[in-house]
Amino acid sequence: MRFVAIDLETACASWDSICQVGIALYENGREVESFCTLVNPECAFDQMNIGVHGITEDAVIDAPLFRAVVGEIETYLRDEIVVSHGNFDRTALGGAYLKIGRALPDCVWIDNVDLAKWAWPDKPRPGGYRLATLAEGLGIAFDHHDALEDARTAGLVAVAALAAVPTTIKQAAQVYGRSIGGTQAKAPTASFGRRTPMPDRKVALKDFAGGEGPLAGHRVVFTGELSIERGAAAKLANGLGAECANSISRKVTMLVIGGSEPGAAKSSKQVKIEQMIAEGSTIQILSEAAFMALCSQGDAQGPN
């Protein structure tokens, strides 16, 4: 049983602002190799992000640019099953690749949250399927929001989930895997593109967003005054594979903010999302400009 677990930290709300990469390779339930590096994202850091992971602009001044480490990252990801906890890491990595004009390596990506829900479908709130909550329940101690620590922990959670079902990583990929990279992202294979539940286990398909593209698997909510109608913005997000919603819930993974002026009061949605982030939720906040840039890049280069 072999798979790669990955975690990324970002400098700001920009989806391509990767400032740390952590990768752990698992074979037969054990970590056998790892890779970790700081990355200079070539942008300013947001205080909210610094508060989460503790990485500052000074810490990455001499760090390599993403294009300098992408080759080593690909040696771990290419033709592998890749696990990350939530959709954020896949989207951020796709953004960084788009930024340097490079195609993602062929691999099959699994959201660890899907595995956890499959293994423990009745897990109660609070905490739910957050990485820290699952790790605590499994007795895994780690330094949260360090990329390598999070990758290792995601891998251990995946190993425990697979044992609890029980199933193998390859069988899990047939249920929850998403093929990305090269032409596979545009035309997923029949085996890895399906969302069919495995025998004798009920999977709530309504919990999973459909579609292919850089935002596949995300649930997007809009707030503030957008320069276009929200229906049109939602159509753009859907075109990139995202599901859209009108209200905030634990399933939301991205908030797009329109019409924010310096010093302007935050909307109730933004306040609630920031509170959820502070409590440990992985949710990305984008300005409308960043969202539109993402849409333009997706249209120009196709889905990841």
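This is a predicted model: local features need pLDDT of at least 70, side-chain atom pairs count only at pLDDT 80 or more; totals for chains, interfaces and linings use all residues.

Student: OK, how many helices and strands in the chain?

Tutor: The chain has 11 helices and 10 strands.

Student: And what share of the residues is buried?

Tutor: Of the 304 residues, 51% are buried. The accessible surface is about 13,500 Å², with 50% of that belonging to carbon and sulfur atoms.

Student: Switching to helices: at what angle do α4 and α7 pack?

Tutor: About 105°, and their axes are 11 Å apart. The two helices, α4 and α7, are therefore roughly perpendicular to each other.

Student: Which residues meet there?

Tutor: From α4 you have D114, L115 and W118, and they meet A172, V175 and Y176 of α7. Five of the contact residues are nonpolar, one is charged and none is polar.

Student: New topic: how many aromatic pairs does the structure hold?

Tutor: Five. One of them is F35 with Y76, a stacked pair at 5.9 Å centre to centre and 25° between the planes. F35 is in strand β3 and Y76 in helix α2, so the pair ties together parts 41 residues apart in sequence.

Student: Is F35 buried or exposed?

Tutor: F35 counts as buried, at 9% relative accessibility. Y76 is buried too, at 10%.

Student: What about F66 and Y97?

Tutor: Their planes sit at 75° with the ring centres 5.7 Å apart, so that pair is edge-to-face. F66 is in helix α2 and Y97 in helix α3, 31 residues apart. Y97 counts as buried, at 0% relative accessibility.

Technical notes
Residues are numbered from 1 along each chain as its sequence is written. Side-chain values use heavy atoms; hydrogens and water are left out. Helices (H or I, at least four residues) and strands (E, at least two) are DSSP runs, numbered from the N terminus. Buried means under 20% relative accessible area, exposed over 50%, partly exposed in between (1.4 Å probe, protein chains only). Accessible areas come from the Shrake-Rupley method with a 1.4 Å probe; for residues, only the protein chains shown count as cover. Axes are lines fitted to C-alpha atoms, for helices over the stretch in contact, and angles run from 0 to 180 degrees between N-to-C directions. Angles under 35 degrees count as roughly parallel, over 145 as roughly antiparallel, 65 to 115 as roughly perpendicular and the rest as oblique. Contact means heavy atoms within 4.5 Å. Ala, Val, Leu, Ile, Met, Phe, Trp, Tyr, Cys and Pro count as nonpolar, Asp, Glu, Lys and Arg as charged, and the others, Gly among them, as polar. Rings of Phe, Tyr and Trp (its six-membered ring) pair if their centres lie within 6.5 Å; planes under 30 degrees apart count as stacked, over 60 as edge-to-face and the rest as tilted.
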